[in-house]
Amino acid sequence: MLADALQAVVSSPSLLWASFLGVLLGTVVGVLPGLGPVATMALLLPFTFGLDPLAGIVLLCGVYYGAMYGGSTTSILFRVPGETSSLMTSIDGYELSRQGKAGLALFVSAVGSFVAGTMGVVGLSYLAPPLARLALAFGPYEFLMIGLLGLTVLANLMGGSPLRNLAMALAGMLLTMVGLDTLSGQVRFTFGLSFLRGGFEFLPVVMGLYGISELIGMAARGERVTQVAKVRFRELYPSWHEIRPTLGSMARGGVVGFLVGLLPGPATSLASFVAYAAEKASSRFKELFGKGSPQAVAAVESANNSAVGGALVPLLALGIPFSPATAVLLSGFMIHGLSPGPLMLQQSPGMFWTIVASMYVGNVICVVFNLPLVGLFAKVMSIPRFILVPSIVAICAVGAYSVRGTMFDVWVMLAAGVAGVLLRRSGQSPLPLAIGMILGPIIDSSLRQSLIMSDGKLTVFLANPLSAALTGLCLLGIGYSLYGAVVQARRLRAEAAADVTE
Amino acid sequence: MRRGMGVGLLLLVFGVAFISSARQYDFGTLASPGPAMVPVSLSILLFALQAVDLGVALLGRRGTGESGAGDAPRPREAKAGDGRTIFVLTTAGGFALTYLVGLPAAAGAYAAVSSRLLGLRAWWKSLAFGICLGVLVHYFGSVFQIAFPGGWLTGLIWG
């Protein structure tokens, strides 16, 4: 199946172009601090209308993993992480650059990204089909519990107050319940405002939270002219002696990244943090971490690329996105009349394998183009903000307008941008809000369907071993969140008491 | 006000707004849930969680874990805050202009003004940039067959 799909991708000019264009755009947005892959994918979504459905999805996937490659370039050369997932790369990568080993860092990062990106796709090819077969037996109870489990895991993994994270996710869910209820056909919670009848679309909100809010921050910062570092072509190919110690780190980072990618939340950035910590704990050269360790760069870059494959597993196997990037991909599928999930794998497996094959090809394109064109991609950083910011805002406005052809979405995008700035200033990530908007409709419809099917009996959630296990995991997650809140309250009370004593 | 508590209060108000408008919609029963059942349950949960979270924050000196309680903003932060406000207002102005002159022309005007605000010194360069961006947005719409809103003024001029 995979071999046929690979042949189909390689022999199809439209799919090859889509993959190349996606990777190119992804690398450019990865280089630019500000506009991330989520906002770019959301932005490109309306423009894929004219493309063949598969080419559109391949292009969006290319942006997602291309951004992971691009983020490392500026982290290593300028200590400016283009993406949050490249934050850890900027520590050791930049130190290596200062020691005159930028070529080694860039090579290890590119090869690690390729190796682990391929590992992630291999993991996706092996894990998604059996998971999809299992999911065919899922009813609304199981989908409800998976949605709730996603929320509780997210609340505990995000850091900060678990209760606040959960509350943010609930607010996101409530936003999706404004407007037409698809089950009853009634309009709800419009507060008497006619423009709310259509409800809030996910894409303008996510473009505001992730794109406009970064642009507002960029506009407020002072002008900074970035000097582009020169890396000679010969430096990009280090000796085997330098590369050999990083091979194990690439493999470990790849495995850790894939596993973390399966979890709900900020898959790629979380994967890079976990991989850095795991590599440091297991390394024989701990003292080099933070001072220019090629192993650290290899592990982190491998992890964030492999996490992309992991994050696609729940989307392609279950049809449930656990991150904003995969939610935008889901919107892409739906715009083209496709619905990822167990049925897609059963009824049109060719489509699934073509997407997987395009990712193998895309990874090769990434490594072939990224290394020789490092200097060119780095030059994107020197575009002045007075050109960059208004251009991106204009493109965002066009993108938001074209979702439904209404100015309301453009205003929602701006409001979400302001909300994103306020949330970040108060130390709160906007991610739970975005995840809440993804899981809200799933939880709403599956809860009501479950209750109707069981004639109102709540014991239905314990009726079979799978739903009982999922219910148990959910309760455990909620209990852990409450325990976290109690611990936090005790700590704060102790701090307050110590303050009074002083 | 402590940082983080503002967001908490906003979430609390959000929950209350949903609860207060719930009476207009059918809640249903467990066997036949209405359209209001899930939103109302979620908003009650949101209210309860936020009440607990704010209570936890009030117990401590630093609110929800962030520092800077009641600190006066530093001059650099205040300057960045002004920059943010001006940028948001300019962007809102650009979007509002769409109703008058249509999206491509509004995008061009916005680009010209905001590029000046963001440090482009020569006015003619701002103008040229605005015209280029407006034309690009117009052709972008033509290529991707996006019907942009025309605007009241352009409608008056071009019919």
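Begin at the contact in this predicted model: select the 62 residues of chain A and the 62 residues of chain B that form the contact between the two chains.

Stay on chain A and colour the helices that give two or more residues to the side touching chain B: α8 (162–176), α9 (202–220), α17 (385–404), α18 (407–425), α19 (431–453) and α20 (465–501) of chain A. Then pick out α17(A), which supplies 12 residues, the largest share of that side. Colouring the side of chain A that touches chain B by residue class gives 37 nonpolar, 13 polar and 12 charged residues. For the complex, the predictor reports an ipTM of 0.87 and a pTM of 0.79.

Now colour chain B by pLDDT. The mean for chain B is 81, and 82% of its residues reach 70 or more. Where does the pLDDT fall below 50? Select residues 63–71 of chain B, where the pLDDT is below 50. Beyond near neighbours in sequence, this stretch of chain B has 21 contacts in the model.

Finish with two helices of chain B. Select α4 (residues 103–117) of chain B, which has the highest mean pLDDT among the elements of that chain, 92. Then select α6 (residues 152–158) of chain B, which has the lowest, 72.

Technical notes: Residues numbered from 1 in each chain as written. Chains lettered and ligands numbered in written order. Predicted model: local features only at pLDDT ≥ 70, side-chain atom pairs only at ≥ 80, totals over all residues. pLDDT = per-residue confidence, 0-100. Helix = DSSP H or I, 4+ residues; strand = E, 2+ residues; numbered from the N terminus. Contact = placed C-beta atoms within 7 Å. Nonpolar A, V, L, I, M, F, W, Y, C, P; charged D, E, K, R; others polar.
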